[in-house]
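The sequence and structure come first.

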Amino acid sequence: MSLLECCARCLVGAPFASLVATGLCFFGVALFCGCGHEALTGTEKLIETYFSKNYQDYEYLINVIHAFQYVIYGTASFFFLYGALLLAEGFYTTGAVRQIFGDYKTTICGKGLSATVTGGQKGRGSRGQHQAHSLERVCHCLGKWLGHPDKFVGITYALTVVWLLVFACSAVPVYIYFNTWTTCQSIATPSKTSASIGTLCADARMYGVLPWNAFPGKVCGSNLLSICKTAEFQMTFHLFIAAFVGAAATLVSLLTFMIAATYNFAVLKLMGRGTKF
């Protein structure tokens, strides 16, 4: 079989839904983690510079921000590994669904790939046999783990519920910054509001960002307008929006993974292959 024919057969069995979901997952997680990390750093600088002069007032906030940043590092690593594992599961279950008769067997493309990795005919020596045996053991262990699509459906479902909460929480800073930006717009165009400019404020204590005894804790009038015009505020606001979009993209990818895994599991179950193949 030529290389072109082999690639064509592999593409026929490719799980396109899982491929799209994997790309969307990596893009969303990268956007959420990267932009979220920098947005938290920008928020820390804004609080230190404009809303409180006493370190004790925002010490707890800084600790929380740093903790969230460490969580972001772990989230990025976890989703990279889990996304790759879900993609492998997509290939595995899709191949089983499309070859529903009999047990799951290695295709010609898989054999060609194994021969390439192990060195083909050159692998007949002791070193080549050892490499082939090691590769077989790895594939066997991976196949046994991937042979339970019901577990992937359950884990992905639980992860989707958790990420739904993350998606909701990522909307909170966008809401806070949007309210501040709206207040600045009212200050910039006083003709559109009946309130006095001096009474239009952004109070960080109201959102629980700072304790109520923090001083000054809020910024009003023209001082607030000058903050909204700074590059730090604009950049942090847009970074939080990008992080929110990344969280939404990740949520869509998890839903796609879950639908695809559920469909494959249902087909295998209905065709009498159970949860293990």
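Is Cys 228 buried or exposed? Cys 228 is buried, because its relative accessible area is 4%; buried means under 20% relative accessible area, exposed over 50%, and partly exposed in between (1.4 Å probe, protein chains only).

The model is predicted: local features need pLDDT of at least 70, side-chain atom pairs count only at pLDDT 80 or more, and totals for chains, interfaces and linings use all residues. Residues are numbered from 1 along each chain as its sequence is written, and side-chain values use heavy atoms, with hydrogens and water left out.

## Cysteines

A disulfide is a covalent bond between the sulfur atoms of two cysteines. Here the term is applied to a pair of cysteine sulfur atoms within 2.5 Å. The structure has 2 disulfides. Counting bonded cysteines along the chain, the pattern is 1-4, 2-3.

| Disulfide | S to S distance | Source of the pair |
|---|---|---|
| Cys 184 and Cys 228 | 1.7 Å | disulfide in the predicted model |
| Cys 201 and Cys 220 | 1.8 Å | disulfide in the predicted model |

Cys 184 is bonded to Cys 228. Helices (H or I, at least four residues) and strands (E, at least two) are DSSP runs, numbered from the N terminus. The angle about the S-S bond of Cys 184 and Cys 228 is 50°, and the link is right-handed. Cys 184 counts as buried because its relative accessibility is 1%.

The other disulfide joins Cys 201 and Cys 220. Its S-S torsion is about 105°, so the disulfide of Cys 201 and Cys 220 is right-handed. Cys 201 lies in strand β1 and Cys 220 in strand β2 (residues 218-220), so the bond ties together parts that are 19 residues apart in sequence. Cys 201 is partly exposed because its relative accessibility is 26%, and Cys 220 is partly exposed because its relative accessible area is 23%.

Cys 35 is in no disulfide. Cys 33 counts as buried at 6% relative accessibility, and Cys 35 counts as buried at 14%.

## Helix α8 and Ala 243

Ala 243 is a residue of helix α8. Ala 243 counts as buried because its relative accessibility is 4%. Leaving aside neighbours within four places in sequence, Ala 243 is in contact (heavy atoms within 4.5 Å) with Leu 31, Phe 32, Cys 35 and Gly 36. Between Ala 243 and Leu 31 the C-alpha to C-alpha distance is 5.8 Å, although the two are 212 residues apart in sequence.

## Pocket and cavity

Rolling a probe the size of a water molecule over the atoms shows where empty space is left. On a 1 Å grid over the protein atoms alone, a cavity is a set of points where a 1.4 Å probe fits but cannot get out, while a pocket is an open set with protein on both sides within 12 Å along at least five of seven lines; lining residues have an atom within 4 Å of a point. Grid points are joined across faces, edges and corners, and a volume is the space filled by probe spheres set on the points.

The second largest pocket has a volume of about 1,100 Å³. It is lined by 43 residues, and those closest to its centre are Leu 40, Phe 68, Val 172, Pro 173 and Phe 240. Elements that contribute two or more residues to this lining are α2 (16-51), α3 (55-98), α6 (149-188), β1 (201-203), α7 (221-228) and α8 (231-270). By class, the lining of the second largest pocket comprises 35 nonpolar, 6 polar and 2 charged residues. Ala, Val, Leu, Ile, Met, Phe, Trp, Tyr, Cys and Pro count as nonpolar, Asp, Glu, Lys and Arg as charged, and the others, Gly among them, as polar.

The whole structure contains 1 cavity of 30 Å³ or more. The largest cavity holds about 60 Å³ of space. Among the residues that line the largest cavity are Ser 18, Glu 89, Thr 93, Phe 257 and Asn 264. Both α3 and α8 supply at least two residues of that lining. Its classes are 4 nonpolar, 4 polar and 1 charged.

## Salt bridge

A salt bridge is a side-chain nitrogen of Lys or Arg within 4 Å of a carboxyl oxygen of Asp or Glu. The count by this rule is 1 salt bridge. Arg 205 pairs with Asp 203 in a salt bridge, with the closest N and O atoms 3.0 Å apart. Arg 205 and Asp 203 are both buried.
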